[in-house]
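Biologist: I'd like to learn how to read a structure like this one. Could you walk me through it?

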Amino acid sequence: MFCFLRAAQGSFEVSVSPEAPMVEHGGSVWINCSTTCQDPGARGGLETSLIKTGSKSGPGWAAFLLVAITEWVSAPQCYFTCKGDTKVAAANISSYWVPERVVLEPLPKMELGRAYNLTCWVLNVAPVTHLTVTLRQGGRTLHTETFQNHTGTGPNDIPVTHEITPRRWDHGQEITCHAALDLTPHGPHFENSSSASSLTWFFLPTADLPEEPQLLTSLYIEVGTRATARCRVAGVFPSAGEARFTLSFGGESLNFTVTTSGDTATAQGEVWSPFLGQRELNCTVTMGPVFRSAGQSVRIYSECLGGSQLHPEQGLPRFEGSRGLAGDVCTLRDAKGVLVPSAPAQPPVQFQLTAGEEDDGREFTCEARPHSGIPAVKHTSARLTVLYGPRMDDSGCPREWIWKEGTEQNFSCLARGNPAPAVECTKDGVSVCIGVQRQVRREDAGTYHCKASNQHGSASRDVTVQVECKWPLVEPPADDPEGGIPEHQGDLGAQVNGSQPAEQRSLNGAAQSPPDVEHSV
């Protein structure tokens, strides 16, 4: 450095151009020095630590080329000596570095109503004092930051952080970070931006809302029995299909399926346990960073009702109502009422009876309730079948029929029994059709022998049929196609004279009232 003395007499000025040039790091610049001195012998120069590779001069000016400028800040000095007086002017050179990258930190999956930080990095930039960073959401500016008070001369990595609390309508909006290095009026203007990142947030109802995850299953499940368990959550955003479930029962994960409807998602699986006691059913629903959990205690119990069975023993059927556990309450009943009243079971709960015909088809029901107060009821039933031989009585097979000749009748004889017995009737050794309608003839009168049988025995009964004759045997109508009127017919002793006989008998010999007077046509 030179020490310059100012002369007392004379006046001139020294100037430098550009005064504050902005030069890209490693670049070059021409520095022009000029003076107002009118002395043709005035001489000037440039004092600097930078590399000078060329110069030009003329009356009252001199220019110098500075190259490979790597100093971030430098102040070359122009000087001129005029008539022994020397004056100096300095140029303030700044070196700049365009940002290598602008990076927006990955956005987390956000929860509605919770605050999050957006962070943008501007990497390797200088001078920082000329930097402006802007965070935008769509076309809206969220935050702008400048660094006029930044100290330091070299390049820096600059972070910019802004807090955001997502709202429902923010979902899907793009977040971008923009960096501007403004060197005007002494240098260029540069801009760079980050890649866009979509704002994604998730919502699950909080525990104080009615739409919190709901567990739907029975509070009491019988040991070894499978029951459906559902976990449902409503009000899911942005999509119910993105809800992730975990279901466990007694500490073991469950297999389940998920269905969605609108903003509601439901997971459904099956729970069961081979052991008695309390089991915990737990459900966790996750949406991005948000999760909600719900739990429910389920009691596994054992019920007395193991099944109803009919046990015939020594020919006397015995109905065993249930096999229970001590402390359970079982009730045995039939259609008429309770047979064995409720009481702590002392298995087996049973009811003994000597089965009769009237008990065939009788239904017994066993109702079981856990004595511990569990609101569970189980029923089972059994129907009694009584096997017995044929029974024949007047209700199904009357001993006597009285028919009028020429009428339509059917011969009927029924028998009870289990299994249903087969009934066969004969007259004079000839089988007779049962239950078939036919016209009554005189020869139908007589005694019929009927027999009912099944695997458990047989029963028989004689049935008498009387036929009331339509015309007297001693005096048939004059137009009887069979011909003339015999003087006597059979052993009735009636006379054929056209008059009404005093007495008329049926084919079996029973007395009959005289018939009404009939007229020939």
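Predicted model: local features only at pLDDT ≥ 70, side-chain atom pairs only at ≥ 80, totals over all residues.

Biologist: What percentage of the residues in the protein are buried?

Modeller: Of the 521 residues, 38% are buried. As for the surface, the protein exposes about 29,000 Å² (Shrake-Rupley method, 1.4 Å probe; for residues, only the protein chains shown count as cover). Carbon and sulfur atoms supply 48% of that area.

Biologist: How many helices and strands does the protein have?

Modeller: There are 0 helices and 47 strands. Both are DSSP runs numbered from the N terminus: helices are H or I with at least four residues, strands are E with at least two.

Biologist: And how many disulfides are there?

Modeller: The general idea is that a disulfide is a pair of cysteine sulfur atoms within 2.5 Å. That rule gives 6 disulfides here. One of them joins Cys33 to Cys78, with 1.6 Å from S to S. Cys33 lies in strand β3 (residues 29–35) and Cys78 in strand β8 (residues 77–82), so this pair ties together parts that are 45 residues apart in sequence. Cys33 is buried at 0% relative accessible area, and Cys78 is buried at 0% too.

Biologist: Which residue forms a disulfide with Cys82?

Modeller: That's Cys37, and the two sulfur atoms are 1.7 Å apart. Cys37 sits in the loop between β3 and β4 (43–47), while Cys82 is in strand β8, so parts 45 residues apart in sequence are tied together. Cys37 counts as buried, at 8% relative accessibility.

Biologist: Why is the disulfide of Cys37 and Cys82 right-handed?

Modeller: Look at the torsion about the S-S bond: it is about 65° for Cys37 and Cys82, so that disulfide is right-handed. For Cys33 and Cys78 the torsion is about -55°, so that one is left-handed.

Biologist: What about aromatic rings: how many pairs does a search of the whole structure find?

Modeller: A pair of aromatic rings is described by the distance of the centres and the angle of the planes. Rings of Phe, Tyr and Trp (its six-membered ring) pair if their centres lie within 6.5 Å; planes under 30 degrees apart are stacked, over 60 edge-to-face, and the rest tilted. The search finds 4 aromatic pairs. In one, the ring centres of Trp401 and Trp403 are 6.1 Å apart and the planes are at 45°, so the pair is tilted. Trp401 is partly exposed at 22% relative accessibility, whereas Trp403 is buried at 3%.

Biologist: Which residue lies over the face of Phe64?

Modeller: Lys52 does, at 5.5 Å from the ring centre. A charge sits over a ring if NZ of Lys or CZ of Arg is within 6 Å of the ring centre and within 35 degrees of the ring normal. Likewise, the charged end of Lys427 sits over the ring of Tyr448, 6.0 Å from its centre.

Key
Residues numbered from 1 in each chain as written. Heavy atoms only, no water. Buried < 20%, exposed > 50% of the residue type's maximum accessible area, 1.4 Å probe, protein only.
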